[in-house]
Amino acid sequence: MFDLTTLADKPSEQELHQLAMKTVGDDLTVKGYEFVAVNSQLKKDPQFVCKKDKQLIFVVVKACVYPDNPRDYDHELLEKIKSHAEKYDATVCFAGVGFARADNYNLPLVKSQPYAINYEGLQHL
């Protein structure tokens, strides 16, 4: 049997990024982070600049779809962000958010079906 969903039913890269941003933003809010700046554009890093306990924090958010691992990040990109953060005495965190079809991770992710979120919080780098 094959999946009859159309390409129009697949979430776009931007839609996944927005879902990841909401997931991470909600988590940061609950944990008491103060937002200094938010950038929701794809491939514009960091996405969040926050403060907690007077410490400036740059948060890079990336969305992925199963079977990709949300904890895997681009080391070269994060090194560039860390170098930039040093100028502001900021720390850098990575927030990977994975998405999968809730009823069967091996089926394609589509907007018309429930999805599961794999987010384990910030990775301090």
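I57 has T91 as its bridge partner in β4. In this predicted model, strand β3, residues 55-65, also runs antiparallel to strand β2, residues 48-52.

**Strand pairing**

- β3 and β4, the latter spanning residues 91-101, are parallel and share nine bridges.
- Between β2 and β3 there are five bridges, in the antiparallel sense.
- A hairpin is formed by β2 and β3, with two residues separating the strands.
- D53, in the turn of this hairpin, has a positive phi of about 50°.

**Largest nonpolar core**

- This core has 18 residues, and those that touch the most other members are V24, L28, F48, V59, V61, A95 and L122.
- Two or more residues each are contributed by α1 (13-30), β2, β3 and β4.
- α1 supplies five residues, the largest share of the core.

**Contacts of F48**

- Leaving aside residues up to four places away in sequence, F48 touches M21, V24, G25 and L28, among others.
- The contacts of F48 also include F35, A37 and V38.
- I57, F58, V59 and V61 are likewise touched by F48.

**Second core**

- A separate core of 10 residues is also present, and V49, F58, L78 and I81 are among its members.

How values were computed: Residues numbered from 1 in each chain as written. Predicted model: local features only at pLDDT ≥ 70, side-chain atom pairs only at ≥ 80, totals over all residues. Heavy atoms only, no water. Pairing = 2+ DSSP bridges. Helix = DSSP H or I, 4+ residues; strand = E, 2+ residues; numbered from the N terminus. Core = buried A, V, L, I, M, F, W, Y, C linked by side-chain atoms within 4.5 Å. Buried < 20%, exposed > 50% of the residue type's maximum accessible area, 1.4 Å probe, protein only. Contact = heavy atoms within 4.5 Å.
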